[in-house]
Structure formats: structure tokens, C-alpha cells
Amino acid sequence: MTISSALSNAMTGLRAAGRNSQTISANIANAMTPGYGVRSVALSSAQIGGVSIDGITRNVNPALLGDRGLAESAFNNASDRTNFLINYENALGTPDDPNSLSARIAEFETSLITATSRPDAPERLEGAVNSARDLASLITSASKNIQEARSEADRNIDFQVNQLNSALSGVKELNLQITKTLAVGGDTSALQDNRQALVDEISTIVSVRQIPRDNGQIALYSTGGAILIDGGVAEIEFSAVNQVTPYMTQAGGMLSGLTINGYPVPTDSTRGALGGGSLGAQFEIRDELGVDAQTQLDAFARDLVERFQDPAVDPSLAIGDPGLFTDTGIAFDPLNEVGLSERLTVNAAVDERQGGEAWRLRDGINAVVQGDVGDSRLLQSLSTTLSAKRTPASGNFASGAFSAINLAATLTSQLGADRAQAEQSLTFSSTQLNELTQLVLAEGVDTDQELQRLLLVEQTYAANARMIEAADEMMQTILRL
């Protein structure tokens, strides 16, 4: 080996050591950066001797990253669904809650019994009216809670669609930049990191699969079969509304669905084209969970209204007259059940806050003058109809007849079972996401290993520097001869 070749080899070794040290420093500095792929320098023996730097290798496990993305989509979906059910259950109250639906019915029944024992006591009649008002207020509040959740879901859909379109455009742009950089022999590691961060962002919204394409590009397909990116990029459109009401449904044409490149796509939980993530969960809250919850609550409100609207219970009522509980002051119309729970009110005739008199609870809703203050027959009839078993005219309850409190218990029991099932799904998806995240982190930057590599690089650098120093000494010796 000549002195010049030794010097040349040592110089290539110094360059390789310098590039290695830069790469190791970048790895350590980005140990906690999301989406960062561990870098390593690819080296080979040069044909004329020494070391050749072939490029920077980004070490990632695409299959593991894909599984982690699917797990994150499932977790966000389960989390949003569970939060809706928990909030709705809190609005109705659990059986041990003194302000729950069951407790309000029990309180109303107790107040009627108390008033029956002293029908001449105005305070007891007023107490019964107050209990009825509290019961109606809780049902109305729960219904408004459902519609607010549906409205918020509609706003979230609009926000997430915009976020998704932006992220997809970013992935397309990075695809092009990566191809151009590869064409000129540049390092695309940083571009791939940025692209992976966008793919992770998309995965929180929609469950997607990533497919490699030529020239460093990738394609993205939703698990529902929609093409999001494959050369071109999909354009997703949605139209938000200001406020969702009980009457508004997507099936009825009053709420927007999704279109991809101008074509409408399904959004339901069973066959949604962009389901699996938080976007699918928001559609499920707005169009399925919220609608079902409203239907059940309306059915319960209908049962309550019809119990007290029967002229057989209150002889002062004619057919078509509103009873103790009304649809915003008028009699309930079976053709207008949707949203009844939000419109439920106590009859103004017995409510002092609306200009009525509590004694009509004893003498009849349509009574013109007070009757016998000791007559408790109507109060007994009201108490009896509340505890009487009747088959609900609507709703998805178990077959059979229910008293008012039993029907409330059935409603909250169904809700509790749905919430428990959602929490179980959330626990599973959370565990799966945590495990896959740990696996991804385990394949990420190991700072201890990187520091060990840095020590070897320092030794390599010192050895090559010593080689250059020795070559310099030999050349100086030759020049002095």
C-alpha cells in the first residue's frame, strides 16, 4: 500500500465516521419525536480502496406501524362512543343517584301518596306538582343533552373532514418530494418522517392501510375500501349544520353524509367507507346512538303522558284534552312523537309558575272551581295510574307491561348495558394500542445503544486520524532525505 492510498483510505474513514456521528446525534436528539425512524449509515468498500458512504437508511417496521395505526383508530372510535354513552347515562342518572330518572319517579309517586293522605293541604298538592315538574325537567334536560351531543358530533365531523383533506394533501405533496429527492440521490429520511406523522394523524380519524408504491411513494386505502391516495388524492366533502334537532336525520335528508370525489359513500357503523376511527364514531353518535337514545326517551315520555291523559284517570278531561303532562301545553299526538321528551311540560292549569292552581291536581285538570277539599279519589287515581302496568306503545323495550318506574329501570338498564359493552371494547382497544405502542418504541431510538455506537465511531475516528498522522510523518521524513 502506498502512502497516498493509505492517506486516501484514512480520509474516507474520517468522512464515514463524521457522517456516523451526525446520524447518531440526530437519533439521540429525536428519541422522543413522534414518527421518527432510526437512522443508520450504509457503508461499503470502495472499489479503489477505503470506505464508501452509500446513504442513510431509515429503519422502521411498516407492518408494526400499520397495526399501531389501526389500533389507534379503534381506540379513538371506542373512546368517543363510550364518552357519549357515559354522558347520556349521567344525564338520566344511575339507580343510586337521588336525582336520577327512577328517583324522580319514585319521588313523584311518594308526593302523590302524601297528598292523598291530606288532600286539603295546599303544600302537599304543591309538592306533588313540583315533583311532576322536576320529573319533566329531567327528561327534557336529558333530551337536550342528546341533541347537543349530536350537534357537537356534526361539528366534529366537519372539523375532522377538513383535517383529513389537509393531511391527505400533505401526504401527496411529500410523495412527490420524496420521488424528486430520490431521483437526485438525496436523503429522504426527514421527508418520510413527516409523511409518517401525517399518516398517523389520518389514522386517528379514519382506519387506513398503507401500501408501498414505486419511487418511494405510498398509497392509502381505508379499511372500508375507499381510495384516499393512490397517485391522486381523494376529495372528501361534508356540509355541517348549526344545530341538530330531534327531527333531523341523514336518512330524512336533513343532515349531510360524506362524498368522496363527488360520490356519496355509506357512513353507518356496519359498512361505512371511512369508519373505524373518530370520524366513524362521530357519525355513529349523530345518526345511530343519538337517534336511538332519543327514540327510547320519547317512548318513555309518551308512556308517561298517556298515563295521565286518559279521561278514565281524570274525569274532567275530554278526549283530546291534555293531561297532567303535556306536549308544550297541548295534548299528545301519536303522529308527533319525535322530540316529545324535549317538549314535555307540566300542565299550566296545575302549575303556579305558569299561572295555574295546584288544587286542580285534586279536583281535575279542567275543574273551574274547587270541589270537596277532602276528596282524594283523583289523587288516588293518579297514583294508581303511575304504578299501573301497561305495554309501551313505542320504543324498543322488552315485551310485556311495565309500571312507570319499571319502564324507567328498563330504559336505564339498557343504557347501562350498552355503556358497559362500550367500556369493555374501549379497554380492549386501549390495551392493544398500548402494547403496539410499546413495540414501536422498542424498535425506536435506544439511547444506550446509540451511545455505544458513538464510542466505536470515536475509536474509528481516532484510528483514521492516527493513520493520517503516520502518513504525514512518513512524507515529512522522505522530504528531509
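How many helices and strands does the secondary structure of the protein chain come to? The chain has 11 helices and 11 strands, where helices (H or I, at least four residues) and strands (E, at least two) are DSSP runs numbered from the N terminus. Its radius of gyration, taken over C-alpha atoms, is 36 Å, well over the 23 Å that the globule rule gives for 481 residues, so the chain is more spread out than a compact globule; that rule is 2.2 Å times the number of residues to the power 0.38. Along the principal axes, the C-alpha atoms fill a box of roughly 140 × 45 × 40 Å.

This is a predicted model, in which local features need pLDDT of at least 70 and side-chain atom pairs count only at pLDDT 80 or more, while totals for chains, interfaces and linings use all residues. Residues are numbered from 1 along each chain as its sequence is written, and side-chain values use heavy atoms, with hydrogens and water left out.

Of the 481 residues in the protein chain, 45% are buried, a word that here stands for under 20% relative accessible area, with exposed meaning over 50% and partly exposed in between (1.4 Å probe, protein chains only). Among contacts (heavy atoms within 4.5 Å) between residues at least 6 apart in sequence, 64% join residues at least 24 apart.

Leaving aside neighbours within four places in sequence, Ala-46 is in contact with Val-51 and Ser-52. Asn-9, which is 37 residues away from Ala-46 in sequence, is 9.2 Å away in space, C-alpha to C-alpha.

The aromatic side chains give another view, since the structure holds five aromatic pairs, counted when the ring centres of Phe, Tyr or Trp (its six-membered ring) lie within 6.5 Å; planes under 30 degrees apart count as stacked, over 60 as edge-to-face and the rest as tilted. In one of them, the rings of Phe-108 and Phe-308 have centres 6.0 Å apart and planes at 55°, so the pair is tilted. Phe-108 lies in helix H3 (residues 101–117) and Phe-308 in helix H6 (residues 278–308), so this pair ties together parts that are 200 residues apart in sequence. Both Phe-108 and Phe-308 are buried.

The rings of Phe-108 and Phe-325 have centres 5.8 Å apart and planes at 85°, so that pair is edge-to-face. Phe-325 lies in strand E10 (residues 325–327) and Phe-108 in helix H3, so the pair ties together parts that are 217 residues apart in sequence. Phe-325 counts as buried, at 0% relative accessibility. Phe-108, Phe-308 and Phe-325 form one aromatic cluster.
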